[in-house]
Amino acid sequence: MALNYRKCAEEIVANIGGRENVAQAAHCATRLRLVIKDNGKINKAALEEVDGVKGMFENNGQLQLIIGTGTVNKVYDEFLSVTGMSAATKDDVKAAAAAQQPAWKRALKSVGDVFVPILPAIVASGLMMGVVEALGKVWPSFAETDWYGFLDMVANTAFAFLPVIVAVSAARVFGGNVFLAAVIGLMMVHTGLLNGWNVGSEEAINSFFGITSGKIPTWNLFGNLQIGSYTVGSIARHGYQGHVIPVMIAVFFMSKLEKWLHKHVPEMIDLFVVPITTVFVTALFTFVVIGPIFAGLENYVLQGAKWLVQFGPGAMIMGAIYPLTVVMGLHHMYNVIEAGMLSSVGLNTWMPIASAANFAQFGACLAVGIKCRNAKLKTVAIPSSMSAALGITEPAIFGVNFRFMKPFICGMVGGAAGALFGALTGIGATAYGVTGIPGYLTIDNAGMYTILLLISGGVAFGLTMFTWKEEKTEGTASIKEAAGAAASVAASGGAAASAQDAGFDQKIVIKSSGGEIAQPTPGKVIPYTEIPDPTFAAGTLGEGVGVEPAEGVVYAPYDGEISSVAESKHAIGITGENDQELLIHVGVDTVEMNGDGFNTLVNEGDQVKKGQKLMEFDIEKIKAAGHPDTVVVLLTNSDDYEDVTFG
């Protein structure tokens, strides 16, 4: 019996709290995507029973109702008619869903959005820095060579100019001019300012400014105008190397200011007024407002850390909060504590605390890398964890742990446990600035240090494995979803070649009372249970087979009608005789490739003949993007037949 699209839409609206509870609505090839204002008004049990709704789940702030290929667009049209809403795109829905999330989630997402694009740079630099520093400690003579100097320069570049890289990426996220943002980032590491890593060193301050007081000079832009003890417009003449939060705040402010100016400045003078005003005002805000705030934070953190590390529970607290100071860019101040310990007692007992904190972030990041199924995340998490093991935690923290938060918190717990052990055993180092595995070169008790690393890394790893769950991505289907991927229009394939022309013998791979389904692409046929995706392998979308492709081409497996063509061109739905509904999905999570490497040769609604070429795809591009290239062939309504066989 044909679905009553109007009735389906009306029942959906009734069970989600009515029109007034919907912020935005769109659809893909299989799902109705809704952003709900108040989830408490949703009657989930009733929605599951609505005729036409095959399943539902929540993902990234969206309520997604699974309707099915070729049906969802008709239900969506009726949904718009019932509610009086206008059509929206998936991007509109994503934006609306993001706006519905709590402020802290939006902030974390912004940090992730800024850091994900720059991860290759900081992961590579982090790993190289760890290796170069370790080599310099193992062979002190190597540290005097030209090769060491060159490698150290190459390794340090991304971190020395990290504010610039972050500024450019942040401008893209916040919608600002990337070149103006780069200028702001360059200001924050200008060579006319004391390197931010040296703000705690009196010797470096005196040498840089040619003074003897050991205090960083200031620029007092408004003379000695004071409010209490604060000198208005006073700028401490040091840079922000290693800081990321200040530059993100600065670029966020810059982007908002730039947009406001573009709206209010007349077009004829916009080119002259907007850039100079944006840069000047942002520079003032950055150095007059952000600067004092973070300078004050550094002093508080430094004094607090000095006091806390004098006893065990304090060390545990510092082991926990150390990663937070890395996030804020304040961790370089700890060199002052370490130097003071070495000069006074000859043993740096701060180093085990920092090592515990860093190695715990390694454990948490490694757990994410092992547990996650997303290929891209895995290729980021594993190298980032290795960098953290070598003492460079920024890639792990910003690229993975802080982005997902639970691993970051698990790392804090592991750091606390390891730091407490370090304080109770009294181990220490004979140098400073080295943590993690390279710390073996300076630690006074390698056995106890090994136990410390095992405790901190092990606790963080175990907690992350137990508590963190990978969020469902756009490319992952949900339970009860019984139809393919998202739809789009592609070029017509009237002149397409056939399987027969290519010499490909299409063997029958699926049989049922509905008919026979031939192999759509050359390659090795595997059971659907061996497809490298849990949803496909569980038969959630229907039973079928997988094909490990030998060529990047898809042919029609039977005569039928194209019911859907994915927007990202990676999947095609075909309806055949006796209402067989077949999904041909090329690769796993290849929706993330956004059509790159795929060329569809048919449109939705086209009539096709068995053996007609439907799609071309680039196997090497799929592999390079980190995705399995298995071609998934599923009879999505296999439950309608009792005699389905494969082979």
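Predicted model: local features only at pLDDT ≥ 70, side-chain atom pairs only at ≥ 80, totals over all residues.
**Overall make-up**

The chain holds 21 helices and 21 strands, and of its 647 residues 52% count as buried. When contacts between residues at least 6 apart in sequence are considered, 71% of them join residues that are at least 24 apart.

**Helix pairs**

Two packed helices are described by the angle between their axes and by the distance between those axes.

| Helix pair | Angle between axes | Distance between axes |
|---|---|---|
| α18 (residues 406-425) and α19 (residues 446-467) | about 155° | 8 Å |
| α13 (residues 312-328) and α17 | roughly 100° | within 10 Å |
| α7 (residues 146-160) and α8 (residues 162-174) | roughly 50° | within 5 Å |

Helices α18 and α19 pack with their axes at about 155°, and they are therefore roughly antiparallel to each other, since angles over 145 degrees count as such. The crossing by which α18 passes α19 is right-handed. On the side of α18 the contact is made by K406, P407, C410, G411, V413, G414, A417, G418, F421, G422 and T425, while α19 contributes M448, I451, L452, I455, S456, V459, A460, L463, T464 and T467. Sorted by class, the residues of this contact comprise 12 nonpolar, eight polar and one charged; in that scheme Gly counts among the polar residues.

The axes of α13 and α17 cross at roughly 100°, which makes α13 roughly perpendicular to α17. Here P323, V326 and V327 of α13 meet E394, I397, F398 and F402 of α17, and the contact has six nonpolar residues, no polar ones and one charged.

For α7 and α8, whose axes cross at roughly 50°, the arrangement is oblique. The residues that meet are A158, F159 and A160 in α7 and L162, P163 and I165 in α8, and by class they divide into six nonpolar, no polar and no charged.

**Helix α17 and its surroundings**

Helix α17 spans residues 394-404, and because nine of its 11 residues are buried, this helix is largely enclosed by the rest of the structure. The buried residues are E394, P395, A396, I397, F398, G399, V400, N401 and F402. Among them, E394, I397, F398 and F402 also take part in the contact with α13. Just after α17 the chain reaches M405, which takes a positive phi of about 65°.

**Residue M351**

M351 is found in helix α15, which covers residues 350-371, and M351 is buried, with a relative accessible area of 0%. When residues up to four places away in sequence are not counted, M351 touches E338, A429, V434, T435, G439, T442, I443 and Y449. M351 and A431 are 80 residues apart in sequence, yet their C-alpha atoms are 8.6 Å apart in space.

**Salt bridges**

The count of salt bridges in the model comes to five. In one of them D596 pairs with K621, and the closest N and O atoms are 3.0 Å apart. D596 lies in the loop between β16 (581-586) and β17 (598-600), whereas K621 belongs to helix α21 (residues 619-624), so this pair ties together parts that are 25 residues apart in sequence. Both partners count as partly exposed, D596 at 42% relative accessibility and K621 at 35%.

Another salt bridge joins the side chains of E616 and K613, at 3.2 Å from N to O. In this pair E616 is partly exposed, with a relative accessible area of 32%, whereas K613 counts as buried at 14%.

The side chains of D629 and K623 also meet in a salt bridge, with an N to O distance of 4.0 Å.

Notes. Residues numbered from 1 in each chain as written. Heavy atoms only, no water. Helix = DSSP H or I, 4+ residues; strand = E, 2+ residues; numbered from the N terminus. Buried < 20%, exposed > 50% of the residue type's maximum accessible area, 1.4 Å probe, protein only. Axes fitted to C-alpha atoms, helices over the stretch in contact; angles between N-to-C directions. Parallel < 35°, antiparallel > 145°, perpendicular 65-115°, else oblique. Left-handed = near helix turned anticlockwise from the far one by under 90°. Contact = heavy atoms within 4.5 Å.
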